[in-house]
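Here is a short tour for anyone who likes to check packing by eye. Please keep the viewer open while you read.

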Amino acid sequence: SHVGDHIRARRLDLGLFQREAAERIGVTEATIYGWEALRRSPSIREWSMVIDFLGYDPHPSPSTTADQLRTLRR
């Protein structure tokens, strides 16, 4: 699934509005909207903040060659 799906689920679990999630992550509300609407993905700079918010990496490092190829295709 897309990282925006993970962000939305976590935000709703915490009972947060997009604005509040944006404040916690350190981005704009429009950025959260874009992620959740699957219009864009976090930049490399934003990934660590997203992982901190989620409490896990939604796309962990691939461990097998097949996993690495799937990651590259994304």
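Predicted model: local features only at pLDDT ≥ 70, side-chain atom pairs only at ≥ 80, totals over all residues.

Residues are numbered from 1 along each chain as its sequence is written, and side-chain values use heavy atoms, with hydrogens and water left out.

**The chain as a whole**

- The chain has five helices and zero strands, where helices (H or I, at least four residues) and strands (E, at least two) are DSSP runs numbered from the N terminus.
- Along the sequence, the pattern reads α-α-α-α-α.
- Of the 74 residues in the chain, 30% are buried; buried means under 20% relative accessible area, exposed means over 50%, and partly exposed lies in between (1.4 Å probe, protein chains only).
- Among contacts with a separation of 6 or more, 47% are between residues 24 or more positions apart, a contact being heavy atoms within 4.5 Å.

**The nonpolar core**

- A nonpolar core is a set of buried Ala, Val, Leu, Ile, Met, Phe, Trp, Tyr and Cys residues joined through side-chain atoms within 4.5 Å.
- The largest one has twelve residues: Val-3, Ile-7, Leu-16, Ala-21, Ala-22, Ile-25, Val-27, Ile-32, Trp-35, Val-50, Phe-53 and Leu-54.
- Two or more residues of this core come from each of helix 1 (3-13), helix 2 (18-25), helix 3 (29-36) and helix 4 (44-54).
- Apart from neighbours within four places in sequence, the core residue Leu-16 is in contact with Arg-11, Ala-21, Arg-24 and Phe-53.

**Helix 1**

- Val-3, Gly-4, His-6, Ile-7 and Arg-11 are the buried residues of helix 1.
- These residues lie on the same side of helix 1 because they cover an arc of only 160° around the axis, the arc being that of the directions from the helix axis to the C-beta atoms.
- Helix 2, helix 3 and helix 4 are what the buried residues of helix 1 pack against.
- His-6, a member of helix 1, counts as buried at 18% relative accessibility.
- Setting aside neighbours within four places in sequence, His-6 is in contact with Ser-1, Leu-54, Tyr-56 and Pro-58.
- Asp-5 also has its place in helix 1, and at 36% relative accessibility Asp-5 is partly exposed.
- The C-alpha atoms of Asp-5 and Glu-36 are separated by 6.1 Å, although these residues are 31 residues apart along the chain.
- Just after helix 1, Gly-15 has a positive phi of about 70°.

**Helix 2 against helix 4**

- The axes of helix 2 and helix 4 come within 9 Å and cross at roughly 115°; axes are lines fitted to C-alpha atoms, for helices over the stretch in contact, and angles run from 0 to 180 degrees between N-to-C directions.
- Helix 2 brings Ala-21, Arg-24 and Ile-25 to the contact, and helix 4 brings Met-49, Val-50 and Phe-53.
- By class, this contact has five nonpolar, no polar and one charged residues, where Ala, Val, Leu, Ile, Met, Phe, Trp, Tyr, Cys and Pro count as nonpolar, Asp, Glu, Lys and Arg as charged, and the others, Gly among them, as polar.
- Glu-46 lies in helix 4 and is buried, with a relative accessible area of 6%.
- Beyond its neighbours within four places in sequence, Glu-46 is in contact with Val-27, Thr-31, Trp-35, Arg-40 and Ser-41.

- In helix 3, the buried residues are Thr-31, Ile-32, Gly-34, Trp-35 and Glu-36, and their cover includes helix 1, helix 2 and helix 4.
- Tyr-33 is found in helix 3 and is partly exposed, with a relative accessible area of 40%.
- Not counting residues up to four places away in sequence, Tyr-33 touches Gln-18 and Arg-39.
- Leu-38 lies in the loop between helix 3 and helix 4 and is partly exposed, at 43% relative accessible area.
- The phi of Leu-38 is near 60°, a positive value in a residue other than glycine.
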